[in-house]
Amino acid sequence: MRLSFLYIVVFTVLVNGAYADQKEATHAFAMHGKPKYGEGFKHFEYVNPLAPKGGKLINEAMGTFDSFNPFILKGVKGAGLGLIYDSLMVGSSDEAFTNYGLIAESIIVPEDRSWVSFNLNPDAKWHDGKPISVDDVIWTFNTLISEGHPSFKIYYRDVELVEETGKRQVTFRFPKSTNRELPLILGQMTILPKHYWEGKNFKKTTLKPPLGSGAYRIKNFEAGRSISYERVKNYWAADLPVNKGQSNFDEISYEYYRDRDVATEAFKSGAFDLRAENQSKRWATAYDFPALKEGKVKKILIPHERPTGMQGFVFNTRKNFFSDPKVRLAINYAWDFEWTNKTLMYNAYKRTNSYFSNSELSSSGRLPEGEELKILKKFKGQVPKQVFDQVYKAPQTDGSGNNRKNLRLALKLLREAGWTVKDGKLINSKGIPLKFELLIAYPSIERLALPLKQSLKRLGIEMSIRTVDVAQYQQRVDTFDFDMIVSSFGQSLSPGNEQRDFWHSTNANRTGSRNLIGIKDPVIDKLVELVIEAPDRESLISRTRALDRVLLWNHYVIPHFHLQASRLVFWNVFGRPQNVAKYSSGFPNTWWLDAAREKEVRAWKDKRAN
């Protein structure tokens, strides 16, 4: 009987996950190595824990919105919705990839990372006062997979089971997965209230403010024009170490503008408080006005060490005329970055030569060696030969505006690909001309595209530029109804699951995926999986560089440029921590309203108005 009883106990432990021993629980978990902040830490180093609370922050937003449900494919999501929700855990801004407890006060991960358990904080509650439960976590996971944006199903596809393994413990099991970052990915999951969503259609857009658990709730809004959030005064997690010195404004609002230049003038008139400037011309010329000269507006560069990813003109390889890498490379030669940077962008930028630019993950500037070379050799004959003997560098010019040499190279490539020029038009063997459309949502992109259009015209290629509203643009991008767009592929210091969404063949035709290019390459599929399965940091670097190199030499984009700093211009009403995190500017989470400065700026504005 004792043996039978022991068997039952052991069986129950294995099946129900009780082997997730509470003694093994930790306050944080790092992808590689140990967390920077030990158990019992008081706050992150890049915050001011004594930052005053209060005041209102007004932000700008572009375009429009028609939904407060950011978890589905439909609709244009409102700005700032992340403010109303909490996740199981939260990352720090001065580590590559480490999660610290939020809704989950602790985490348990075995050596082989085949499961993860989260112990929920007993104080965690929704804005209506109800506790956040294990049932909420399980419902959230299942709902996101079955009814949410298609990317969730891909992102969490390795999870075989999620179950309650204690009164306040939830366990996710993925015994067949080799994805070592999955415990951290699950920790980042936003948790939703089951009791609020029951009886509602989760798949539909909504403009009814949803229930959340975060530091803010929606205060009021005007559909398509503005949203205001108010700080929750009895926010359950306000005093947790991960939140100390953050969420300092009583109110945060977003005012929508259709045009960035119109918004610039609105900023100068005091309509909103701060902007992250993304255009070099405006940065150089648009803010030469009295408020800046008199110190009432500040313009600063905050250097950072985060990967800048890849932005560029993106080819849709689902289109026959862009399926040939030689054609894509030829069009690469037609864009004169050096002239564009000098003439239109005040030499502000560096050319991007990596999908993981500004990080150690980049293959730029070196030939493959060590583990990376071993990996690539396995695919010899299946990848462009240049990956072995050439360092990738996007086509260059002397910046004079005379791009004839590159255009000759482009024409040579096009002829090799079966295209010829007849009566000033580039045609294929069937007599079909090469013409395509660049789809954009903002007119400001035209200034980058017009020089490309002019160069292509000299090659006999007709490129049209079409600007549509944000909603139509999003719908067309989600369904891959475009020839070329300008887009970006943001990267982190710990690439993983998201690489499937960017490059994997299983997502090439999945509506709403980030595989905008339409890549279907078995080698890239395998490289993506190798990145996800990397056992340590050194291996992750080598595998990511191999993936980067193969992507680059397939010429899927015309690389743009990047800046290794955040450009911020703002009315001088803020206080900021002395320490700035390596991977974030800190705005708005760690900034606060300085009452004395605000009074001074307000008096200056009143004086100018009179």
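Which residues is Pro559 in contact with, leaving aside its neighbours within four places in sequence? Pro559 touches Met310, Gln311, Gly312, Asn332, Trp335, Arg351, Thr352, Tyr392 and Ala394, where contact means heavy atoms within 4.5 Å. This is a predicted model, in which local features need pLDDT of at least 70 and side-chain atom pairs count only at pLDDT 80 or more, while totals for chains, interfaces and linings use all residues. Residues are numbered from 1 along each chain as its sequence is written, and side-chain values use heavy atoms, with hydrogens and water left out.

Let's stay with Pro559 for a moment. Pro559 belongs to strand E21 (residues 557-559); helices (H or I, at least four residues) and strands (E, at least two) are DSSP runs, numbered from the N terminus. With 1% relative accessibility, Pro559 counts as buried. Here buried means under 20% relative accessible area, exposed means over 50%, and partly exposed lies in between (1.4 Å probe, protein chains only). Val486 is 73 residues from Pro559 along the chain, and their C-alpha atoms are separated by 10.0 Å.

Glu251 sits in strand E11 (residues 251-257) and is buried, at a relative accessible area of 13%. Beyond the neighbours within four places in sequence, the contacts of Glu251 are Gly55, Lys56, Leu57, Lys219, Ser228, Tyr229 and Glu230. Ala25 is 226 residues from Glu251 in sequence, and the two are 36 Å apart in space, C-alpha to C-alpha. Arg537, in helix H18, is likewise counted as buried, at 16% relative accessibility. Setting aside the neighbours within four places in sequence, Arg537 meets His32, Ala96, Glu360, Leu361, Leu493 and Ser494.

From Arg537 we can turn to the packing of its helix. Two packed helices are described by the angle between their axes and the distance between the axes. The axes of helix H17 (residues 522-532) and helix H18 (residues 537-553) come within 9 Å and cross at roughly 155 degrees, so H17 is roughly antiparallel to H18. For such values, axes are lines fitted to C-alpha atoms, for helices over the stretch in contact, and angles run from 0 to 180 degrees between N-to-C directions. Angles under 35 degrees count as roughly parallel, over 145 as roughly antiparallel, 65 to 115 as roughly perpendicular and the rest as oblique. The H17 and H18 crossing is left-handed; a crossing has that label if the near helix is turned anticlockwise from the far one by less than a right angle, and is right-handed if clockwise. On the H17 side the contact is made by Ile524, Leu527, Val528, Leu530 and Val531, and on the H18 side by Leu540, Arg543, Thr544, Ala546, Leu547, Val550 and Leu551.

How much of H17 is buried? Eight of its 11 residues are, so H17 is largely enclosed by the rest of the structure. Among the buried residues of H17 are Val523, Asp525, Glu529 and Ile532. The cover over the buried residues includes helix H11 (370-377), helix H16 (498-503) and H18.

Now look at H14 (residues 446-458), a helix of 13 residues that reaches 18 Å from its first C-alpha to its last, close to the 18 Å expected at 1.5 Å a residue; the expected span is 1.5 Å times one less than the number of residues. Its buried residues are Leu448, Ala449, Pro451, Leu452, Ser455 and Leu456. Seen down the axis of H14, these fall within an arc of 155 degrees, so they line one face of the helix; the arc is that of the directions from the helix axis to the C-beta atoms. On the face turned away from that buried side are the exposed residues Gln454, Lys457 and Arg458.

H14 also has a helix partner: the axes of H10 (residues 337-344) and H14 come within 11 Å and cross at roughly 140 degrees, which makes H10 oblique to H14. This crossing is right-handed. Trp339, Thr340 and Leu344 of H10 meet Arg447, Leu448 and Pro451 of H14.

Tyr346 has a positive phi near 55 degrees, though it is not glycine.
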